[in-house]
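Here is a short note for someone opening this structure for the first time. Please keep the view at hand while reading.

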Amino acid sequence: MKPNFDIELLPEAIEFLENLDDKTREKIYYNIKKAQFVNDNELFKKLNDFIWEFRTLYNGKSYRLFSFWDKTNDKETLVVATHGILKKTKKTPTKEIKKAEEIRKQYLENKTKK
């Protein structure tokens, strides 16, 4: 079965994952993989027009990996993960969404320069 999209982890997302313990990291990777095949708001949720989040609840903690779609070439097949957080409140912090939007903007600007 072919995944619905591919995933690219930007350096900050990789760093976030590398700083977690093995079990937590494995759970997040498992959920990301699962989100590629099933459409589930508990795993991959739209936050605004551009920003999405991979969601993982593990050992009573909420982990979020912010991301966006790279829609160049008229294909919605690449999701780019920008960075991650350990969520401490019910509401996703606005500053983290803004940070993901800035990273998205820089990513797309750099891509058009190539």
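This is a predicted model: local features need pLDDT of at least 70, side-chain atom pairs count only at pLDDT 80 or more; totals for chains, interfaces and linings use all residues.

1. Helix α1. This helix covers residues 11–18. Which of its residues are buried? They are A13, F16 and L17. These residues span an arc of only 95° around the axis, so they sit on the same side of α1. The general rule is that an α-helix has 3.6 residues a turn, so residues three or four places apart point the same way. P11 and E18 are on the other side of α1, and they are exposed.

2. Cover over α1. What covers the buried residues of α1? The cover includes strand β1 (6–9) and helix α2. It also includes β4 (61–70) and β5 (78–87).

3. I103 in helix α3. Helix α3 runs over residues 94–113, and I103 is part of it. I103 has a relative accessible area of 15%, so it is buried, the cut-off being under 20%. Leaving out residues up to four places away in sequence, I103 touches L10, E12, T82 and H83. N41 is elsewhere: its C-alpha atom is 23 Å from that of I103, and the two residues are 62 apart along the chain.

4. The link from α1 to α3. The whole structure has 6 salt bridges. One of them joins E12 and K99, with the closest N and O atoms 2.4 Å apart. E12 belongs to helix α1 and K99 to helix α3, so this pair ties together parts 87 residues apart in sequence.

5. R55 and its surroundings. R55 lies in strand β3, residues 51–58. Its relative accessibility is 15%, so R55 counts as buried. Which residues does R55 contact beyond its neighbours within four places in sequence? They are N31, N41, E42, L43, K45, Y63 and R64.

6. R55 with E42. The side chain of R55 meets E42 in two ways. It reaches the backbone oxygen of E42 at 3.4 Å. It also forms a salt bridge with the E42 side chain, at 3.8 Å from N to O. R55 is in strand β3 and E42 in the loop between α2 and β2, so the pair ties together parts 13 residues apart in sequence.

7. E53 forms a salt bridge with R64, with the closest N and O atoms 3.4 Å apart. E53 lies in strand β3 and R64 in strand β4, so the pair ties together parts 11 residues apart in sequence. Both E53 and R64 are buried. Salt bridges with shared partners join E42, E53, R55 and R64 into one network.

8. The surface patch. Which residues form a nonpolar patch on the surface? They are M1, F37 and V38, with about 330 Å² of accessible area together. V38 sits in the loop between α2 (22–35) and β2 (44–46). V38 is partly exposed, with a relative accessible area of 37%. E42 lies in the loop between α2 and β2 too.

Key: Residues are numbered from 1 along each chain as its sequence is written. Side-chain values use heavy atoms; hydrogens and water are left out. Patches are made of residues with over 30% relative accessible area and no salt bridge: like charges are joined within 9 Å, nonpolar side chains (Val, Leu, Ile, Met, Phe, Trp, Tyr) within 5 Å. Accessible areas come from the Shrake-Rupley method with a 1.4 Å probe; for residues, only the protein chains shown count as cover. A salt bridge is a side-chain nitrogen of Lys or Arg within 4 Å of a carboxyl oxygen of Asp or Glu. Helices (H or I, at least four residues) and strands (E, at least two) are DSSP runs, numbered from the N terminus. Buried means under 20% relative accessible area, exposed over 50%, partly exposed in between (1.4 Å probe, protein chains only). The arc is that of the directions from the helix axis to the C-beta atoms. Contact means heavy atoms within 4.5 Å. A polar contact is a pair of N or O atoms within 3.5 Å; within protein, one must be able to donate a hydrogen and the other to accept it, and residues adjacent in sequence count only if both atoms are side-chain atoms.
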